[in-house]
Protein chains: 2
Amino acid sequence: MMSDPSMLTSNKNPRIQQIRKLQRSSRSRREEGLFVVEGIRLVEESLQAGWEPQMVLYTPDLNPRGLELVERFGAQGVAVIPVAPQVMQAASDTQTPQGILAVLPWRVVKRPAKLDFVVVVDGVRDPGNMGTILRTATAAGVQALFIPPGNVDPLAPKVVRAAMGAHFKLAVEQLAWPEIRQVLARQELVSYLADSSGGQPYAQFDFRTGTALVIGGEAAGAGQEAQYSAARRVHIPMAGEVESLNAAVAAAVLMFEVARPRGS
Amino acid sequence: MMSDPSMLTSNKNPRIQQIRKLQRSSRSRREEGLFVVEGIRLVEESLQAGWEPQMVLYTPDLNPRGLELVERFGAQGVAVIPVAPQVMQAASDTQTPQGILAVLPWRVVKRPAKLDFVVVVDGVRDPGNMGTILRTATAAGVQALFIPPGNVDPLAPKVVRAAMGAHFKLAVEQLAWPEIRQVLARQELVSYLADSSGGQPYAQFDFRTGTALVIGGEAAGAGQEAQYSAARRVHIPMAGEVESLNAAVAAAVLMFEVARPRGS
């Protein structure tokens, strides 16, 4: 392997310290307006979506596809920094880093002017569930996903991994409830609260007109604000009395119920 | 806290060693016909379903609901063993054990004689996905779930946790492909292979007659045997060209598509 005098070998380097902070702390991410994306596939998707990283770290043992990515960033004038494997390990949120990591300025994908399919998540604390909801929303054709306070930070590393690039395609917006209600009203969306214990079965609704799904979290179900913001209640009929669904699964079933008559 | 002379304080104890092996090794589970269930809720569900544990471990700091469970097992003649917290930690598959753990003989829930909704999973390697599929199947009214070779062991600890008690309600059967095909043929089920890259959109099928869904895993998609075993191909239409769904999410959307016209 080539020996590169510019290779970063110390975890004490201020850039590495900055990245570790961004990985750990939602407050740092918010204050700096930055988040971290790891792995060839996700970094590639950010490039395809036209996002410009603040910097890119890579280890020299990166595979050809990854090195090509690094070259393209370099040609664009992005700071590309070779690092020793132990430095990548320190900067990474994963046990087995893939050898490339990008620090990206957060910007919200612009939502369409006219909305007819919106999702609001409420009280989703599990990062894997949040990421899966974002991924599913993109595939179901959701146009904007609103995240009020009380949910896990959508830029947390595990959310970003599970979302598989949704952040680059879907309008993911952290908004307060009053703003959310304003958008729903202005867009004349009918809002449906997913409610495991009440409301009508989902097959009884016609979701072809403008729809906002308000989807609750794992444990407590929907909060006060969510209940106040939704006009109707909808549930997924289940086989057993005591059954329940994982939050991301319930969200998926409802999102595709809305997408179903619109698609194909 | 009471000092109990019968309390197990050594991780070297053969029972603890046995449990550790059951947690780690699918081969041990298969050879001994045993698996491990952790936490009050799951142990409670096993009791409600009438399963009799080989033994139950608990820590004396267990909450009243848990201690009541322990008492009920004791009254049934089950070996209930108080253990020190560090012993529970050693026996547990989780970082923060809930203070109760049961070793259960594995038995398959009996499937109905006449089947009209069956799921076959193929190449699901991720334990969280497998567990979520089992949980969702129970809620969607699936009558039997067949697991051919090439999937993660459905009795692995993470699967059991994510399945939230599905093992006690749903016929979860590890069968070879020829046996699976035999059941599908005898029951005159129409089999549908979930295929992200082909087939007809799911909304075009009428799933009200006897249905077997063959659902592929995360990465490679369906294997040879799965393709050979399914009469039709079905896909979930998605908004973007390059989108994909998490395996458990895709399974959920299809299972509820089958349940939808039957339910409510």
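Trainee: Let's start with Glu188(A). Is Glu188(A) buried or exposed?
Mentor: Exposed, because its relative accessibility is 66%. Exposed means over 50% relative accessible area, buried under 20%, and partly exposed in between, with a 1.4 Å probe and protein chains only.

Trainee: Before I go on, what kind of model is this?
Mentor: This is a predicted model, where local features need pLDDT of at least 70, side-chain atom pairs count only at pLDDT 80 or more, and totals for chains, interfaces and linings use all residues. Residues are numbered from 1 along each chain as its sequence is written, chains are lettered from A and ligands numbered from 1 in the order in which they are written, and side-chain values use heavy atoms, with hydrogens and water left out.

Trainee: Back to Glu188(A). Where is the place of Glu188(A)?
Mentor: In the loop between α8 (177–186) and β8 (190–194) of chain A. Helices (H or I, at least four residues) and strands (E, at least two) are DSSP runs, numbered from the N terminus.

Trainee: What about Met164(B)?
Mentor: Met164(B) is not a glycine either, and its phi is positive, about 50 degrees. It sits in the loop between α7 (157–163) and β7 (171–173) of chain B. Met164(B) is partly exposed, at a relative accessible area of 27%.

Trainee: New topic. Where is Leu155(A), and is Leu155(A) buried or exposed?
Mentor: Leu155(A) is in the loop between β6 (144–146) and α7 (157–163) of chain A. It counts as buried, at 6% relative accessibility.

Trainee: Which residues does Leu155(A) touch?
Mentor: Leaving out residues up to four places away in sequence, Leu155(A) touches Arg29(A), Phe35(A), Trp106(A), Val160(A) and His167(A). Contact means heavy atoms within 4.5 Å.

Trainee: How are the C-alpha atoms of Leu155(A) and His167(A) placed?
Mentor: They are separated by 8.6 Å, with the two residues twelve apart along the chain.

Trainee: Zoom out. How many helices and strands in chain A?
Mentor: Ten helices and eleven strands. Of its 264 residues, 55% count as buried.

Trainee: And the contacts in chain A?
Mentor: Among those with a separation of 6 or more, 80% come from residues 24 or more positions apart.

Trainee: Last one. What box do the C-alpha atoms of chain A fill?
Mentor: Roughly 65 × 35 × 35 Å, taken along the principal axes.
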